[in-house]
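Trainee: I would like to learn how to read the features of a model such as this one, step by step. Could we go through them together?

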Amino acid sequence: MPEFIARHRVVEIGLDRIIDTVNNEIDEFGVSTIEMFYVHKTEEMCCILEAPSQEAIKNHYTNAGLVCGYIAPIERIDTKIGEKSERLRAIGELAARLAHDLRNPLSVIKNTVEIMESKQVLHIEEKIIYYGRLRRAIDRISHQIEDVLDFVRPTQMKFQKYLLNDIINSALEKIVRPDDVEVILPTTFVYCICDQTKIEIVLANLIMNSIQAMSGTGTIKIVLSDTPNDVVIQVSDTGCGIPENILPKIFEPLFTTKQTGTGLGLASCKKIIEQHGGLISATSRENQGTTFTIILPKQFVSKKIEKLVASN
Ligand SMILES: Nc1ncnc2c1ncn2[C@@H]1O[C@H](COP(=O)(O)OP(=O)(O)OP(=O)(O)O)[C@@H](O)[C@H]1O
Ligand SMILES: [Mg+2]
C-alpha cells in the first residue's frame, strides 16, 4: 500500500482534533495511520498514513471534520538499492574520469606515431624528442591505471617486520626527482610491522605530491619516530601548500587540482593506512609547505598477527 505524509498546523487546528483522526485500523476509505511526529521548527504534526490514494486521505480527514493543506506521497528509499546505485555512480564517475584522462596521452601517442611514420628518415634529435614524448605519455597512462587499481583492488595485507628506512629508500628509487629537489632522510632507524608494498605505495604517493607541489626546487624531509604505542612517519615539503578551503577534501576519492591527476593518490594512502589501523592527516600553509603525518599503532598490527598465528 502506498504511503503518504500529511502535515497539520497545530496552532491552527489544535492537537486534540489532529489526534482524533489517528486510526490504527483501516477505515472505510482504506486509510490507516502508521506514525505521528511533531516538528518543532514548523509547529506541525506530521502523520504518516497508508492509503490507496491521496483522495482517500482527503476523505479520511473530511470525515473527521478537518481540512488538511499538505498531503504528499512518500518515496521510501530501499537502502540496499541506494548503496548499490551509490557504488554504481562512483564506478561510473571513476570510469568517466579514467576515460577522459587517458584520451590526452593516447592522442599524443597517436599523433607522434603518425608524425614518425610520415618521415622517411628520423634524425637523432627528432628521435630524442619523439621517443621522449611517447615515454611520457605511456608513463602517464600507466600511472593513472596504477592509481585506479591501487584504489579499487581488494588485496590481502601481508604484515611483516620491516625497517621503514628501507621502504623509504625503495619508494625513492622508483621516483624521478628533479635535481634541485633535496630529500632529507630520517636520522633514526625505525622498524615497523606493516605491509611493505602498501607502505611503499603510500610513501611514493606522498613524495610524488611533494615534488609536484614544488615546481622543480625545494626540500622534502622525512622523519621517523618510535613511541611506546605508535610508529610515526612525517613527510614535509616546502611546496606551494594547500589552501585552507580544500584541505578537508584532499583525501576524498577523485579530488584533484591537477590537470593530469586522478585524485586517487591520497584516497589510496588513507585506505592503506586505515588497513593498518592507523591515521593519516595533513597540515599546510599556503606558499610555505605541507606536512603529512602517519600514525601506525603497534598494538593493532601485533593483534592481527596474533590472530593469524592462532588461526594457523
Ligand atoms: N604535498 C602537497 N602539496 C600541495 N598540495 C597537495 C599535496 N599533496 C596533495 N595535494 C593536493 O591534494 C590533491 C589530491 O592529491 P592526490 O594525491 O589524491 O591526487 P593528485 O595528486 O591530484 O592525483 P594523482 O595522485 O592521482 O596523480 C592534489 O590535487 C593537490 O591539490
Ligand atoms: Mg597525487
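Trainee: Which residue does Ser 284 stand opposite in strand 11?

Mentor: Before I answer, please keep in mind that this is a predicted model, in which local features need pLDDT of at least 70 and side-chain atom pairs count only at pLDDT 80 or more, while totals for chains, interfaces and linings use all residues. Residues are numbered from 1 along each chain as its sequence is written, and chains are lettered from A and ligands numbered from 1 in the order in which they are written. In general, strands of a sheet pair through backbone hydrogen bonds, either parallel or antiparallel. Here Ser 284 stands opposite Thr 290 in strand 11, and strand 10 and strand 11 (residues 289-297) pair in the antiparallel sense over 7 bridges. Helices (H or I, at least four residues) and strands (E, at least two) are DSSP runs, numbered from the N terminus, and two strands pair if DSSP finds at least two bridges between them.

Trainee: In what order do the 5 strands of the open sheet lie?

Mentor: The order is 6-8-9-11-10, with mixed pairing. Its edges are strand 6 (181-184) and strand 10 (279-285), each of which pairs on one side only, and the twist averages 15° from one strand to the next. Helix 7 packs on this sheet, where it touches strand 6, strand 8 (218-226), strand 9 (230-237) and strand 11, and its direction makes about 20° with that of strand 9. For such values, axes are lines fitted to C-alpha atoms, for helices over the stretch in contact, and angles run from 0 to 180 degrees between N-to-C directions; two residues are in contact if their C-beta atoms, placed from the backbone, lie within 7 Å.

Trainee: What is the strand order in the open sheet of 4 strands?

Mentor: That sheet has the order 2-3-1-4 with antiparallel pairing, its edge strands being strand 2 and strand 4 (70-73), and its twist averages 20° from one strand to the next. Strand 1 (residues 3-9) is joined to strand 3 (residues 44-50) by 7 bridges, with Leu 49 as the partner of Phe 4 and Glu 50 as the partner of Glu 3. Strand 2 (residues 32-39) is likewise joined to strand 3 by 7 bridges, and Met 36 stands opposite Cys 47. The hairpin of strand 2 and strand 3 has 4 residues between them, and Glu 43 in the turn has a positive phi of about 55°.

Trainee: At what angle do helix 7 and helix 8 pack?

Mentor: Two packed helices are described by the angle between their axes and the distance between the axes. Helix 7 and helix 8 pack at about 145°, with their axes 9 Å apart. The contact includes Lys 198, Ile 201 and Asn 209 of helix 7, and Gly 265, Leu 266 and Ile 273 of helix 8. By class, this contact has 7 nonpolar, 4 polar and 1 charged residues, where Ala, Val, Leu, Ile, Met, Phe, Trp, Tyr, Cys and Pro count as nonpolar, Asp, Glu, Lys and Arg as charged, and the others, Gly among them, as polar.

Trainee: Which residues come nearest to ligand 1?

Mentor: Of the 23 residues around ligand 1, the nearest are Asn 209, Ala 213, Thr 256, Gly 261 and Gly 265, a residue being near a molecule if its C-beta atom, placed from the backbone, lies within 6 Å of it. Helix 7 (196-212) and helix 8 (265-275) are the elements that give two or more residues to this shell, which divides into 8 nonpolar, 12 polar and 3 charged residues.

Trainee: How many residues of domain 2 are in contact with domain 3?

Mentor: There are 10 residues of domain 2 in contact with 10 residues of domain 3, and helix 5 gives the most to the domain 2 side, with 6 residues. That side divides into 3 nonpolar, 1 polar and 6 charged residues. The bounds, which come from an automatic or database domain assignment, are 79-152 for domain 2 and 160-311 for domain 3.
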